[in-house]
Amino acid sequence: METQFSGILTGILAFPFVAAIIILFINKEQKDVIRTIAAFATGASLILAALVFFTYDTEAARTANAGLIDSGSGLLTFQFVDKVTWIKELGVSYQLGVDGLAVPMVLLTGLASFAGVLISWGIEDRVREFMAFFLLLVAGVYGVFMSTDLFLLLFFYELAIFPMYFLIAGWGWVELREYASMKLTLYILIGSVIALVGILVLYFEAGAFFTEHPELQPATSETAYSFDFNHIQYAAQQGAFNEANYLGLGDGVTIARFWFPFIFLGFAVLAGIFPFHNWSPDGHVAAPTAVSMIHAGVLMKLGALTAIRLGVQLLPDGARVHLPWIIFLALVNVVYGAFIAFRQRDFKYVIGFSSVSHMGLVSLGVATMNTTGMTGAGLQMFSHGVMTALFFSCVGMVYDRAHTRDIPSLGGFIKKMPLVAIAFIIGGLVSMGMPGLSGFVAEFPIFVGVWRGIPQAIIDASPTKLTEGGANYYGFIGVAAALGIILTAAYVLRVVGQVFFGEFDEEKFPDIPPIRIQDRVAIYMLTAWLIVLGVYPKLMSDMIESAVQPVVGLLTGSK
Amino acid sequence: MPELMQFNTDDTRGFLAILPEILMTLLVLIVIYMDLFLPPSRRKSVGYMAGVGMLVIGGLAWLLVPADGLKVSEQLVLGGMVRSDDLAKIFKVMVALVGGLTCLMGMGDIRLRYKGEFYALIIIATMGASLLSSAADLVMVFISLETLSISLYVLSGFVRRPETPNPTEEAFASRSAESGMKYFLFGAFTSAFLLYGLSLLYGFSGGHTNIYRIGQALAASDQDTAPIILALMMVAVGFGFKISAVPFHFWTPDVYEGSPTPVTSFISVVSKAASFAVLTRFLLAVFPPEQLISVPLDQYKELSEIWVQLFSILAVITMTLGNIVALSQRNIKRLIAYSSIAQAGYTLMGVAAIATTKSGDGAAAVAYYMFMYVFTNTLFFACLILFTSATGSETIADMAGLSRRNPWVAMGITIALLSLAGIPPTAGFVGKFLLFRAAVDSGLTWLAVFGVLNAIIGLYYYLVVIKVIYVDRSPDEEKPIDLPAPYGFVMAASTVAVVLLGTFLIGPIVNWASEAGLDLFRL
């Protein structure tokens with residue numbers, strides 16, 4: 001196998017990883033040294049991530065994927081590729097690369113992790129362990145977004161879960177942390193391990209297929225059995241997973257159609273898809289602030305992106321059959337999540353359920369199977385990530401000072417913490433989809449996409465009843481989902497009104513210390529992206545579109 | 001009659017094939033000699049001699065034991081008594097290294113530290129295990145198995161009554177004696193089954209003792225299948241006991257709890273690993289699948305399907321029962337006993353998968369899994385001994401605050417438990433991945449699904465222990481726990497092994513394990 005190594009992505013991965021190991025060997029009393037190393041490592045990764053974001057060549061990606069876009073045949077191209085053979089016997093290689101969907105996610109991880117370290121400056125209990133686990137989590141998350149080898153991807157996916165457990169169980173909110181951390185871990189891992197079995201099935205089917213038809217094997221693969229993402233994806237294009245009567249379940253059941261729900265939903269658990277969303281609000285609430293930020297801001301996107309990669313891109317035929325009903329789950333997410341958020345008394349639970357609702361929009365966008373909707377989904381992933389990270393940092397700052405998150409007993413905090421209040425209001429406007437902010441540029445295409453429905457070409461490619469019917473009810477779903485936006489406005493305004501405006505009770509909250517400089521930096525950094533993206537969406541939308549077009553091509557063209 | 005399989009008569013190869021065992025025998029003599037003649041003030045060096053000696057033997061085994069992908073008849077040496085292939089080599093290295101680590105571990109145990117017999121017995125048991133992993137003859141299988149077992153019975157009941165009255169020590173001694181007795185009775189009983197099964201095979205095959213000859217003879221004979229299955233069942237009882245597969249697991253929790261902890265560690269790794277080695281070899285040789293039958297007959301007997309079914313079911317029962325019972329344990333040694341039953345269940349998935357994969361994926365997965373498992377459990381027990389000797393307690397609740405008392409011990413236990421749970425970047429992830437991969441490859445996807453669901457149950461109770469260590473508070477957390485030198489070494493070595501096997505060393509070790517798997521599929 002040819003070895004490619006540009007090293008930038010490896011650098012992004014290595015900084016937090018190496019820093020985690022270094023931190024373990026530092027005296028635990030030197031807390032500021034530990035924090036500085038963590039900030040340096042996440043900051044360095046952020047700079048590299050920004051470098052990747054600004055130098056990613058969208059035009060080149062579009063040109064290279066022309067075959068996929070037009071006819072649905074070809075290999076997906078990744079940029080900044082690092083590729084070294086790792087375990088030859090299994091066809092595993094250390095292979096990193098990013099496409100237009102992954103680049104914003106890498107940037108998002110950089111922003112949220114750097115902000116997270118800054119926000120955590122105030123943690124005093126076992127700082128060494130906290131930072132080491134946090135950096136390990138960040139490394140795992142980066143790894144998933146950048147892996148283009150399925151073994152490596154699963155490796156990082158599971159690697160990202162267990163530090164999460166420690167961070168929540170060890171440093172989270174005392175009353176809920178044990179329950180929430182265990183629930184979160186079990187939910188996510190059950191989903192992913194079942195998906196893992198599915199991936200193994202695909203690996204062997206693809207291997208068997210290419211052993212039988214060596215002439216079809218992509219030129220980049222050396223062996224018939226390989227965990228290379230493109231290798232298996234190419235097998236799917238050639239119809240390797242389309243043998244009818246899989247497991248004797250009837251003519252309509254193929255490997256792709258049987259395993260798609262397990263793989264897609266298995267990873268979408270982490271994206272909080274209904275009815276497997278239950279872990280997420282508890283997890284968000286129980287986690288310490290920085291972990292909530294990573295958790296809701298980045299980790300849920302991990303689920304969404306992996307579901308798209310390993311579900312939709314690997315099994316286009318399965319996606320064509322199943323997404324038309326999965327869109328109902330997404331609809332429930334959007335509306336139900338917003339309703340529940342409206343009913344919460346706990347400040348943090350409002351944000352927790354709002355994440356469930358907003359991630360429903362991402363699933364909704366993916367389920368449209370058209371370029372507009374899926375581009376919206378990609379934008380929403382980034383926009384929601386930054387927005388939620390901002391939300392949770394604001395909630396954390398209020399809670400650290402007020403020591404309560406009970407909405408009715410708070411009030412008037414804009415007088416004491418104007419910056420936090422303004423940041424929260426901007427976040428709230430983003431979440432309502434206010435034009436001029438990133439929420440609008442993300443949600444608008446999603447609704448347009450839903451209204452347009454499944455492209456006729458995709459329906460023609462897979463003429464099952466469900467797919468054909470999908471064309472009819474998508475409009476209705478768009479209308480119903482819009483209800484979620486109204487509810488979002490309701491709960492955001494309610495929270496803003498009750499927490500930040502109104503009378504401030506000097507007796508109840510006698511001492512409100514000022515906000516640290518680190519917190520300010522984090523707030524400015526996150527807010528800036530919400531505004532910049534809202535004013536100039538082209539910065540990101542072109543890039544995402546260049547990655548989404550080949551997916552639509554795959555859905556149209558694959559056997 | 002088909003032509004008989006020939007043996008290699010090259011004496012050098014034969015000598016090299018059992019070189020580790022020869023060296024271990026010499027080491028036993030040296031250790032006993034040192035124990036007898038050294039003054040009590042210098043007794044410490046006995047432990048170092050045994051431990052470091054075994055590690056060196058492990059290294060020599062890796063360098064010198066011949067394994068070169070030849071035909072079976074070229075690899076069967078010493079009159080067909082042993083086969084020197086990669087499977088044997090990987091297990092020989094494994095047990096020698098872990099035997100050495102166990103000796104070093106014993107040096108920190110107050111009840112074992114100055115007892116030369118302890119080290120001698122550990123080395124003898126390791127020798128048995130080492131020989132067992134290359135045994136290719138019914139006689140050799142039984143002798144090496146008993147060498148291993150009888151040493152373990154003694155070791156398990158090793159703690160003696162103190163000369164001065166001391167209630168705690170007496171309780172330890174009686175628990176240890178009880179566990180030794182239990183282990184012996186159970187072991188003797190199942191050995192009888194095994195022996196009966198072996199003698200039946202000897203008879204059915206027309207008087208062969210070499211397992212490869214038996215396999216070919218059975219495949220070609222016009223014998224009824226039923227009695228052969230009976231023999232298979234009896235052999236399964238014997239090996240099932242050693243690997244603590246359900247329903248032959250009843251001794252496991254009691255023996256694990258009662259034995260001195262270094263011995264528990266040794267039983268849970270070396271004895272289990274060697275038994276898996278012989279099990280995979282034995283099944284493929286005696287009841288070969290289609291592609292391993294050399295006789296060109298129209299009607300051969302395909303017996304492998306039966307034991308694939310048998311071991312799939314055993315795997316499911318073993319892992320499920322082990323995991324579910326482990327959920328309710330409060331004593332950490334009992335928890336790890338049930339966990340080790342569950343781990344045996346996972347490994348049995350690989351055993352069930354060996355027959356149906358031509359590439360030897362199943363055997364490779366078993367070899368890799370055992371390789372990482374022995375280091376993982378050794379790491380766990382090394383940390384556990386430190387904890388129990390500092391607190392005198394074995395209950396999980398008493399581990400509260402451990403991360404504040406000694407962060408290294410806490411981290412060691414955590415890494416070990418994560419590896420058992422199969423979470424990267426530890427070796428357990430790769431191990432489980434290979435097992436599930438082998439199961440899916442053999443068309444046993446349902447088995448893999450059972451496996452992953454069980455892995456989740458396992459994760460739950462491992463995480464509970466980790467939670468106690470990191471989250472719960474305790475009044476004792478200001479009292480630090482010391483880390484003596486031999487333990488520091490054992491912990492560091494096994495931690496490095498567990499982490500490297502899960503990251504940078506995956507390639508070479510998987511490569512080696514695959515060679516071992518392929519060896520079993522050469523005729």
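Is W408(B) buried, partly exposed or exposed? With a relative accessibility of 39%, W408(B) counts as partly exposed, where buried means under 20% relative accessible area, exposed means over 50%, and partly exposed lies in between (1.4 Å probe, protein chains only). This is a predicted model, in which local features need pLDDT of at least 70 and side-chain atom pairs count only at pLDDT 80 or more, whereas totals for chains, interfaces and linings use all residues. Residues are numbered from 1 along each chain as its sequence is written, chains are lettered from A and ligands numbered from 1 in the order in which they are written, and side-chain values use heavy atoms, with hydrogens and water left out.

**Surface patch**

- W408(B) has its place in helix α17 (residues 407-421) of chain B, where helices (H or I, at least four residues) and strands (E, at least two) are DSSP runs numbered from the N terminus.
- Together with I21(A), F25(A) and L483(B), W408(B) makes a nonpolar surface patch of about 420 Å²; patches are made of residues with over 30% relative accessible area and no salt bridge, like charges being joined within 9 Å and nonpolar side chains (Val, Leu, Ile, Met, Phe, Trp, Tyr) within 5 Å.
- Accessible areas come from the Shrake-Rupley method with a 1.4 Å probe, and for residues only the protein chains shown count as cover.

**Aromatic pairs and charges over rings**

- The whole structure, searched over all chains, contains 61 aromatic pairs, a pair being two rings of Phe, Tyr or Trp (its six-membered ring) with centres within 6.5 Å, counted as stacked if the planes are under 30 degrees apart, as edge-to-face if over 60, and as tilted for the rest.
- The rings of F371(B) and F375(B) form a tilted pair, because their centres are 5.7 Å apart and their planes stand at 55 degrees; the two residues are four residues apart in helix α15 (residues 361-391) of chain B, and thus separated by about one helical turn.
- F371(B) is buried, with a relative accessible area of 7%, and F375(B) is buried, with a relative accessible area of 7%.
- The rings of Y461(B) and Y462(B) have centres 4.7 Å apart and planes at 55 degrees, so this pair is tilted, and both Y461(B) and Y462(B) are buried.
- One aromatic cluster includes residues of chain A, among them W86(A), F151(A) and Y225(A), as well as F429(B) and F433(B).
- The charged end of R126(A) sits over the ring of W171(A), at 5.1 Å from its centre, a description used if NZ of Lys or CZ of Arg is within 6 Å of the ring centre and within 35 degrees of the ring normal.
- R494(A) lies over the face of F342(A), 5.7 Å from the ring centre.

**Backbone features**

- R126(A), in the loop between α5 (102-119) and α6 (127-146) of chain A, has a positive phi of about 45 degrees although it is not a glycine, and counts as buried at 12% relative accessibility.
- F80(A), in strand β2 (residues 79-87) of chain A, also is not a glycine and has a positive phi of about 55 degrees; F80(A) counts as buried at 17% relative accessibility.
- A cis peptide bond with omega of about 5 degrees joins V246(B) and P247(B), and P247(B) has its place in the loop between α10 (225-242) and α11 (251-258) of chain B.
- A cis peptide bond with omega of about 10 degrees joins P424(B) and P425(B), and P425(B) is found in the loop between α17 and α18 (427-441) of chain B.

**Salt bridges**

- Over all chains the structure holds 29 salt bridges, each a side-chain nitrogen of Lys or Arg within 4 Å of a carboxyl oxygen of Asp or Glu.
- K183(A) forms a salt bridge with D282(A), the closest N and O atoms being 2.8 Å apart; K183(A) lies in helix α8 (residues 177-212) and D282(A) in helix α11 (residues 279-286) of chain A, so the pair ties together parts that are 99 residues apart in sequence, and both residues are buried.
- E178(B) and K182(B) meet in a salt bridge (3.1 Å, N to O); E178(B) is partly exposed at 44% relative accessible area, and K182(B) is partly exposed at 30%.
- A network of salt bridges links residues including E178(B), K182(B), D254(B) and R334(B).
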